[in-house]
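Please read them with the coordinates open.

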Amino acid sequence: MSKNRHLHAALVAVLAIVLLGTAGGLPARAEAGPAPATRRSWTGTWEAAASGTVPALPGTSIRNVVHISAGGRAARVRITNRLGTAPLELGAVTVALQENGAPKSPNAVAGTMHTATFRGAASVTVPTGEDVVTDPVPLAVPSGANLLITVYTPTDAGPATYHRSALQTNFLAPTGDHATDDDGSAYTQTTGSWYYVTGVDVLGSRATGSVVTLGDSITDGSGSTSSANRRWPDRLAERLLTQPPNRRLGVLNAGIAGNRVLLEGTGPSALSRLDADVLSRAGVRAMIVMEGINDIKGNPNQTDPAAFEDAYREIVRRAHARGIRVIGATITPYGGNGGYTEARETVRQAVNDFVRTSGLFDALVDFDAVVRDPADPHRILPAYDNGDHLHFNDAGLKAMGDAVDLDHLRRTFANSYAHSAA
């Protein structure tokens, strides 16, 4: 990269900070806790939770396609080396709007390409086990838009932190630094995972905060149409965007396929990743918790409902301490799946009974009641089953997204201020 390019990037970053305030570039944890949102507040609009590592791609430009929920007049990006084993050198990071009407295109909309900086520098080294947040990027981002977030890694920094199941076509240019290319012709390879990018926030959003969906593969969208944004949190985001501005929320999807509440496995457990994936995110007002099926049916499987109850209490306690309200969700049926047994079904029913009746949660969404087959309540309604009797097709995920009561979510969000001030 030339000296002139470094100087230009630094000047852009300084101008952005002057225009947009000093919120950019702060550690993500500085955003925790629900202060009343204003047009000068950062709002979380997209998330991909770190689910594991894969071999690094040195000398490769990785163009991640991310579908945001709430829009704003500027953006910032969170890059993660959380699960890495060595410092991560970022040679370049850019942000642009994806070519209109082309969800599987690596091309950027002309004039929208911006180099992201880190305290004015166009490159940065991310310490092992940490995240970094870019300076504000002065790019107007429409609600529901697709962004191209390109990361160029010039060296081999060891295992790359990634989100495995993106259900989105992303692009690789294996021949060097093409981060600033509007034309995507250098991106000759594709991947179904997101590399390094773990969050996007927007400034000046009409939304009044964000809601995080903490879950496993069902929240991650397994079974849905790829590159179509048919996960149930995507449907929730669509519904929220139709609300008046004072009732809108950005939606952050913290689902990880294979994830568990109690045990480490596919990604850190829900308990161990709560700070990183929920509590530290920008503008969080509420969270929806739907997780536990992998603990019940996985190996080793968890057989004591009291262990789930204790875990849910811990999640709620820690969220409430930050003024974040918690919506509990029941675990959906899986009869007919290879992991089903009557003993495990008894555990699921006991956990769901706790979610429904304990009074622990600030509100409830009964996904089990929405998707089960009335003729056989241990199974998913056939019209919603993607075929493995565990995950859902697009219709089933839409039904789940439609089941979240927006009035409950509004009241939950409004109550967070009172709790935070207490």
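The points below take up aromatic pairs, a helix crossing and one valine in turn.

1. The model is predicted, and the comments should be read with that in mind. Residue numbers count from 1 along the chain as its sequence is written.

2. Aromatic pairs. Searching the whole structure gives six aromatic pairs. In one of them, the ring centres of Trp 46 and Trp 194 are 5.1 Å apart and the planes stand at 90°; an angle over 60 counts as edge-to-face, so this pair is edge-to-face.

3. Burial of the tryptophans. Trp 46 has a relative accessibility of 6% and therefore counts as buried, the cut-off being under 20%. Trp 194 is also buried, with a relative accessible area of 6%.

4. A tyrosine pair. The rings of Tyr 162 and Tyr 195 have centres 6.0 Å apart and planes at 55°, so they form a tilted pair. This pair, too, links distant parts of the chain, with Tyr 162 in strand S11 (residues 160-163) and Tyr 195 in strand S14, 33 residues apart. Tyr 162 and Tyr 195 are both buried. Ring pairs join these two tyrosines and Tyr 196 into a cluster.

5. Helix crossing. How do helices H3 and H9 cross? The axes of H3 (residues 232-241) and H9 (residues 394-403) come within 7 Å and cross at roughly 45°. That angle makes H3 oblique to H9. The crossing of the two helices is right-handed.

6. Residues at the crossing. On the H3 side, the contact involves Trp 232, Arg 235, Leu 236 and Arg 239. On the H9 side, the partners are Leu 397, Lys 398, Met 400, Gly 401, Asp 402 and Ala 403. Sorted by class, the contact of H3 with H9 has five nonpolar, one polar and four charged residues.

7. Val 211. Is this residue buried or exposed? Val 211 lies in strand S16 (residues 210-215) and, at 0% relative accessibility, counts as buried. Apart from neighbours within four places in sequence, Val 211 is in contact with residues including Leu 236, Leu 240, Leu 249, Val 251, Ile 288 and Leu 409.

8. A distance for Val 211. The C-alpha atoms of Val 211 and Val 278 are separated by 9.0 Å, while the two residues are 67 residues apart along the chain.

Definitions and conventions
Predicted model: local features only at pLDDT ≥ 70, side-chain atom pairs only at ≥ 80, totals over all residues. Heavy atoms only, no water. Phe/Tyr/Trp six-rings, centres within 6.5 Å; stacked < 30°, edge-to-face > 60°. Buried < 20%, exposed > 50% of the residue type's maximum accessible area, 1.4 Å probe, protein only. Helix = DSSP H or I, 4+ residues; strand = E, 2+ residues; numbered from the N terminus. Axes fitted to C-alpha atoms, helices over the stretch in contact; angles between N-to-C directions. Parallel < 35°, antiparallel > 145°, perpendicular 65-115°, else oblique. Left-handed = near helix turned anticlockwise from the far one by under 90°. Contact = heavy atoms within 4.5 Å. Nonpolar A, V, L, I, M, F, W, Y, C, P; charged D, E, K, R; others polar.
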